[in-house]
Amino acid sequence: MNGARVEFRGLRRRFGSTVALDGLDLTVEPGELIALLGPSGCGKTTALRCLAGFEQPDEGEVLVDGADITRVPANRRDAGMVFQSYSLFPNLNARDNVGFGLRVRKAPAAKRHARAQELLELVGLPSVGDRYPHQLSGGQQQRVALARALALEPRVLLLDEPLSALDAKVRVTLREEIRRLQLSLGITTIFVTHDQEEALSMADRVAVLREGRLEQVADPATLYDRPATPFVAEFVGAMNHLPGLVSGDRVTVLGQTLPVEGPSPDAARVDVLVRPEAVLVTPDGEGDGIVMVSSFRGSTARLRVRLGDGNEVLADVPGHDSARFAPGTAVRVGLVERPVLVSARPEAGAAAAVPEPDVV
Amino acid sequence: MASLTPQVSTQVTTQVTPGTVPARGGGRPRRPRVWRGVVLLLAAVYFLVPLIASFVFTVKAPGRGFSLDAYGQIFSAEGFGGSLLLSLGLGLATIALVLLLTLPAVVAVRLGAPRLRPVLEVVCTLPLVVPPITFVAGISTVLRWGPDYLASTPFYQTIIALQNPGFPVVLVLAYVVLALPFAYRSLDAGLGAIDVRTLTEAARNLGASWPHVLLRVIIPNMRSAMASASFLTLALVLGEFTIARLLSFETFPNWIYRISGSQAQVSVAVSVFSLLITWLLLLALSSAGARQRSGS
């Protein structure tokens, strides 16, 4: 099974007055797992549905291996899809669900059953063939749906938030399993999600969408470390905005002078973008920071620290250290010595504080 | 029903710690129970008294006491088999036609044009508002309109064929209109119970054509809704009197009406008998629905 190359070219789609896709351009390489990430209403699902054939773009085209499939009916496209809600046919057992596509193609029953059994084993459910969807758990149903989508050996696999209805633990196991299967089958996979952790942990590349346009497409590490736009920086992970002063290719922030990563804006006064894990806090009676809130997350604890100048900063410390950072503790705040991103400072000075007050 | 749960738990407590439960705890949930009983009794009286009266009338031969003769005479009565078969045939034809019309329409509206749903709903509910007497007046006017110069055309022949007393197609057409509200309600509810859009898309994605989607995915998951639509339609056709009477076709209800003049007891016996058949059908239907739920 080989993956196909998928191209979206200038896709536009409006629903009444809302623009779901506004000139989306994206190329997915053969065998790649790409995650379409974005807030709800950013057009990620619409893009996927245009590829599956459930939606017609107003403009632009969808190409699979160079062939324009924009006007091909949904039932003649070579793409398997797993849906967000449980989509197994309630009147068929798991085996017949998996064999549905073969049945449509009039494959003999023996072949159908053998293939269905093979796929159920592939997704780790060798013994549920006789069960009906309502006898399966949510995770099992999505596994069967995955087996069903793979039964016809499609060259593209489409995943429309398949994990969002599952509980946290099942979600993590299943996403690892999907990734393992995808790598071993080498199938081009497009995965729509609004969960940044899911996107970062599974995908070869992550495409961040905003208002129907591509904001940035990059591998997870690049996306996280070097977000191309402030939107990406906000959406992927938490981000501190600290006031800084640029001189040349260096910026002074919190009393430290760090190199600037990438282009720096013309203005001298900038926002320095710093991830919470790049903020170093040490308990220090003399320090000018005070821990306001500490929320324990297991492996880490996230602190909200008020600085002497009134700004607030988020900082991650190892979970086992959290006892040393009880609220009210005086701390000294520093930054990891490495190049930092800067962005033009918004005019209103009040917006300088931490972007998401509800994070802690 | 809401009061059922606390009542059960009270009973359990009573068993575990006898004597310690205050009287108030046992007395409070009793009031709804009394009301339930009263409602049940009133409903039972309302429905059962006419039935029992009918039954007593059929088995009480004057001067001879209890006798089931009237029931024995049903089957030998002239016209019984013919009219019952005619009504059943009309019912089946109506069911087939109304499902064929409504099911694709409901599915198409739900998938393709959700905004048209209120329109479809109003259109399908209209027959409830138009009295059958108005309806049949219109039909007979149309049927009578057959100018002589059209006599040799297929149009005229069609109108004649529609009124063939052996199998009056015109009644099927009329009954389809009457059955629309019931069929629409059942099918719409059945469609609401499944995620049609996702199931359709899943099937399309696996290569199924539209007819395949309808036959292999939607219909199998709508079985109980279709069964209840069919049952309501059948019950309607078996009981419809006005239209058949005014167009002078001898359907089952008309036959009952006709013999009630000469054999009053038999006609009431037939009514009781047809009620029994209807109940049996309803039972069969609901148990089929239950089997489907537990089986799939």
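How many residues of chain B are in contact with chain A? In this predicted model, the count is 17 on chain B, and they meet 18 residues of chain A. Sorted by class, the side of chain B that touches chain A holds seven nonpolar, seven polar and three charged residues.

Let's move on to the packing. The largest nonpolar core has 139 residues. Within this core, the residues with the most contacts are A35(A), L36(A), L51(A), L158(A) and I190(A). Chain B takes part as well: its helix α9 (residues 169-193) gives the most to this core, with 13 residues. Another core, of eight residues, lies apart from the largest one, and A70(B), F252(B), W255(B) and V266(B) are among its members.

Beyond its neighbours within four places in sequence, I190(A) is in contact with V6(A), V28(A), I34(A), L36(A), L48(A), L51(A), V156(A) and L158(A).

Finally, a word on confidence. The model scores ipTM 0.80 and pTM 0.76. For chain B, the mean pLDDT is 81, with 85% of the residues at 70 or more. Residues 1-27 of chain B are another matter: pLDDT stays under 50 there, and the model has eleven contacts beyond four places in sequence for this stretch. Where pLDDT is low, predicted coordinates should not be read in detail.

Notes. Residues are numbered from 1 along each chain as its sequence is written. Chains are lettered from A and ligands numbered from 1 in the order in which they are written. This is a predicted model: local features need pLDDT of at least 70, side-chain atom pairs count only at pLDDT 80 or more; totals for chains, interfaces and linings use all residues. pLDDT is the predictor's confidence in each residue, from 0 to 100. Two residues are in contact if their C-beta atoms, placed from the backbone, lie within 7 Å. Ala, Val, Leu, Ile, Met, Phe, Trp, Tyr, Cys and Pro count as nonpolar, Asp, Glu, Lys and Arg as charged, and the others, Gly among them, as polar. A nonpolar core is a set of buried Ala, Val, Leu, Ile, Met, Phe, Trp, Tyr and Cys residues joined through C-beta atoms within 7 Å. A residue is buried if 20 or more other C-beta atoms lie within 10 Å of its own, exposed if 12 or fewer, and partly exposed in between; C-beta atoms are placed from the backbone. Helices (H or I, at least four residues) and strands (E, at least two) are DSSP runs, numbered from the N terminus.
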